Amino acid sequence: MRASRLVSILLLLQARQPLTADDLAAQLEVSPRTIYRDIESLSAAGIPVYGEPGHDGGYRLVDGYRTQLTGLTRQEAEALFLTGLPVAASGLGLGPVVANTERKLLAALPADLRAHADLLRARFHLDASSWYHGAEVTPQLPTVSDAVWQQRRVRIRYERWAAPHEVTRTVEPYGVVLKAGQWYLVARSGEFRTYRVARIVSAEVLEESFERVEDFELSGYWQRYLDDFDARRHRGEAVLRVSPEGMRLLPQLAEPAFAQSSGVVEADGWTRVVVPVEEDSQAVHDLLRLGPLVEVVAPQQLRERLTEALTATLRHYAEFSE
């Protein structure tokens, strides 16, 4: 356990320095006193680690010192290859770089770990795209991701749903996100916004750099964006009665917010549930997927809209049967 912690301290200092004893203790979930002892042990073993006093001080490694990639466990070596996302890397223009990195990593591993890593790559495959849809065409993705890396402003022409349908904006790119096979750009122009990369018509990286908001965290922003998106689109609730077969099929036919709703089983075996719904037109579209397996109890307006849709469908087929 201690040997693993010493290696972790080295890797943390190589990734970011200086780090205080409190920083290291928090990340490794030990006490600062334990960190002091570990630093002494590293120094005694010949590792060039030293401490700097002062407000901006902490522990550092002598400039240029790098530890070799050793001490990996079998599970850690396998986990490294699980982080390889060929689809994502290809979209960002880094496919050859990732492939070359994997080759170098394999060459650096001991023979037994290399064999396990080869097995993992042969038996696990990640497909990030959604069902029934091919990958989106995103010709501007390499440009906007380059702007993210360089921390430079980018001028984009963007096609949106609302009028005017095409707008030009100069934004500060903070990150890109791959969600269900679709790429999104998180950027700031006064406030943070999310842009679907496939709708970026053109992108030009400018010479102007920008300072990132210090406490911005991409994963945290994205989760808040998703939560807000659900809150905005789920404008109301509907009371439904769902057949036993409908309840079984809900996970395949409905989104999680709908499918995970619990209810009360009534005498005839049907389940009465209260579910979040979008505006009526979208709710009707979603409910039609369940056909006769669901009945809208309330609100009355949604019940009437669904009745109209079913009547129109029946009329269409009646005309063809005459």
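Tutor: A salt bridge is a side-chain nitrogen of Lys or Arg within 4 Å of a carboxyl oxygen of Asp or Glu. This is a predicted model, in which local features need pLDDT of at least 70 and side-chain atom pairs count only at pLDDT 80 or more, while totals for chains, interfaces and linings use all residues. Residues are numbered from 1 along each chain as its sequence is written, and side-chain values use heavy atoms, with hydrogens and water left out.

Student: Why is the pair of E295 and R241 called a salt bridge?

Tutor: The N to O distance between the side chains of E295 and R241 is 3.2 Å, which is within 4 Å, so the pair qualifies.

Student: Where do E295 and R241 lie?

Tutor: E295 belongs to strand β11 (residues 294–298) and R241 to strand β8 (residues 236–242). The bridge therefore ties together parts that are 54 residues apart in sequence. Helices (H or I, at least four residues) and strands (E, at least two) are DSSP runs, numbered from the N terminus; the chain has 13 helices and 11 strands.

Student: What makes R241 buried?

Tutor: Buried means under 20% relative accessible area, exposed over 50%, and partly exposed in between (1.4 Å probe, protein chains only). R241 has 13% relative accessibility, so R241 counts as buried. E295 has 30%, so E295 counts as partly exposed. Over the chain of 322 residues, buried residues make up 31%.

Student: Which other residue pairs with E295 in a salt bridge?

Tutor: R303 does, with the N to O distance at 3.3 Å. R303 has a relative accessible area of 31%, so R303 is partly exposed. Salt bridges that share partners join R241, E266, D268, R272, E295 and R303 into one network.

Student: How do you know that R188 and E172 form a salt bridge?

Tutor: The closest N and O atoms of R188 and E172 are 3.5 Å apart, so the pair falls within the limit of 4 Å. R188 sits in strand β5 (residues 182–189) and E172 in strand β4 (residues 166–179), 16 residues apart. E172 is buried because its relative accessible area is 11%, whereas R188, at 28%, is partly exposed. The structure holds 15 salt bridges.

Student: What makes E29 count as exposed?

Tutor: The relative accessible area of E29 is 73%, which is over 50%, so E29 is exposed. E29 is in the loop between α2 and α3 and has a positive phi of about 60°, although E29 is not a glycine.
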